Amino acid sequence: MLQEPFSKGNSQIHRLDPRFKVVFATVYAFVVALSNSFPALIAALIFSFALICLCRLDFLEVAKRVALVNGFIIFLWLVVPLTYDGQSIFYLGPFGVSREGVLVSARITLKSNAILLAFIALIASNTVATLGNALGRLRVPEKIIYLLLLNYRYIFVMEEEYRRLLRSASIRGFRPASNLHTYKTYAYLIGILFVRAADRAERVYKAMLCRGFSGSFYSLHEFSFSRLDWIWLIVMTIAITGLEILEWMKMT
Amino acid sequence: MHISEGVLSGPVLVSGIVLAAVGVAVGLKKLDYDRIPRAAILSASFFVASLIHVPVGPSSVHLILNGIVGLILGWGAFPVILVALTLQAMLFQFGGITTLGVNTMIMALPAVFCYYLFGRLVGRQPRIALPAAFVCGALSVFLGAVMVGLALTFTDENFLKVSYLVVTAHLPVMIIEGIITAFCVAFLKKVQPDMLRE
């Protein structure tokens, strides 16, 4: 089932101006992604973890998401140290484990998780609707916002539709297995999903026109930059400057 | 199909953003306001369909479906995939802000490419349309995997072997996607042929 478990909450971070959170999360993600020194990356991971703690989210849920996203990282750890050029620190059978490979994998692991945790704290703590409105205020093209909000609105409807189709298939004795019949059934299921989506779009658009839709969504949500936002603006500017200093110290 | 945050280098991330921005701009230009609800609700159905896990031997793969997105939406695939990736990040935290450009390119460029290559062919009689749809589904996944590999290799030449593994790992997915795309096109041709005619 699709859900947004992190968007509910009343922590300081949940109450920040979403526009500010989007801008900061973007700058922060790029700064971390482009950093290479270990002190900076470890500091970033600690800072992101602090953000998660301040967000007061369900730890178990956060841990589950983090574990899922780290699948690719595990794959990297299995492959990169063995295939990376560089001096070998020890041997696993015929394969040398390269020092550089281990360092690269460690760096990617730190970066990836630091960015991920900050994303959960700052971006996933908004509902998609709020995010859409915030992006609209940040001058993201109207058509993209329009696509995002309508897409989000109908994902849940289409998921319901898909479950209904799957139920009726299984009532008729459909059991998925690795055979052509299964693939054909899924393909037809997907096909009917597309056809119904197109039909529904027709009806929805007509209904929108009947209600005077003229091409833009209005939001009653007023964004305001409060004192809390100013405090966090200072905290986060210091954090980013700190990371840059750590990164720069390594270079010289 | 996506690359996680923190893996790619600055130049690769920036090129991804610039190229994706061009693609999205073209896509938005071709997508009039009155076509957006259709694109949005179709993309919601693509999103749900891509969550389906199809059994393959002892394991299962989830569908990517960028080939069929290309066939149905053409250049509209760019903005639709950008939005789908944003939602994927919001709902599952897969992908993220810095990789949004690269990941959009990985899925949308093969989609548009296959649209030009096969868009006409799938409109012909089934003898031509179905093999074309199979190749379209398989090729769009293959090209996506190749683009993942290129993004990794441009980041660091030592990722070349990782890239080979990524492409190899997608071979079973390619075949499944080809079969599903062929059946799906066959179905749409019978039920709603004008969906494939943009």
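The legends below describe a predicted model.

Figure 1. Three residues of chain A, namely A:K143, A:L147 and A:F194, together provide 12% of the area that chain A buries against chain B, more than any other three residues. The area buried between the two chains is about 6500 Å². Carbon and sulfur atoms give 80% of that area.

**Figure 2. Polar and charged pairs across the interface.** How many salt bridges does the rule find across the interface of chain A and chain B? The number is 0. Polar contacts, by comparison, join 9 residue pairs between chain A and chain B, counted with both residues at pLDDT 80 or more.

Figure 3. Side chains of opposite charge can pair when their charged atoms come close. In this view, the side chains of A:R163 and A:E159 form a salt bridge, with a distance of 3.0 Å from N to O. Both A:R163 and A:E159 belong to helix 8 of chain A, where they stand 4 residues apart, about one turn of the helix. Over all chains, the whole structure holds 7 salt bridges.

**Figure 4. The domains and overall form of chain A.** Chain A comprises domain 1 (12-126 + 222-251) and domain 2 (139-210). The centres of domain 1 and domain 2 of chain A, taken over C-alpha atoms, lie 35 Å apart. The C-alpha atoms of chain A occupy a box of roughly 65 × 55 × 30 Å along the principal axes. Chain A contains 10 helices and 2 strands, and their order along the sequence is α-α-α-α-α-β-β-α-α-α-α-α. Chain A is more spread out than a compact globule, because its radius of gyration of 23 Å is well over the 18 Å that the globule rule gives for 252 residues.

**Figure 5. The elements and overall form of chain B.** In chain B there are 8 helices and 2 strands. From the N terminus on, these elements follow the order α-α-β-β-α-α-α-α-α-α. The C-alpha trace of chain B spans about 45 × 45 × 30 Å along its principal axes. The radius of gyration of chain B is 16 Å, which agrees with the value near 16 Å that a compact globule of 198 residues would have.

Conventions. Residues numbered from 1 in each chain as written. Chains lettered and ligands numbered in written order. Predicted model: local features only at pLDDT ≥ 70, side-chain atom pairs only at ≥ 80, totals over all residues. Heavy atoms only, no water. Buried area = accessible area lost by both parts, 1.4 Å probe. Salt bridge = Lys/Arg side-chain N within 4 Å of Asp/Glu carboxyl O. Polar contact = N/O pair within 3.5 Å; in protein donor to acceptor, adjacent residues only side chain to side chain. Domains from an automatic or database assignment. Rg over C-alpha atoms; globule rule 2.2 N^0.38 Å.
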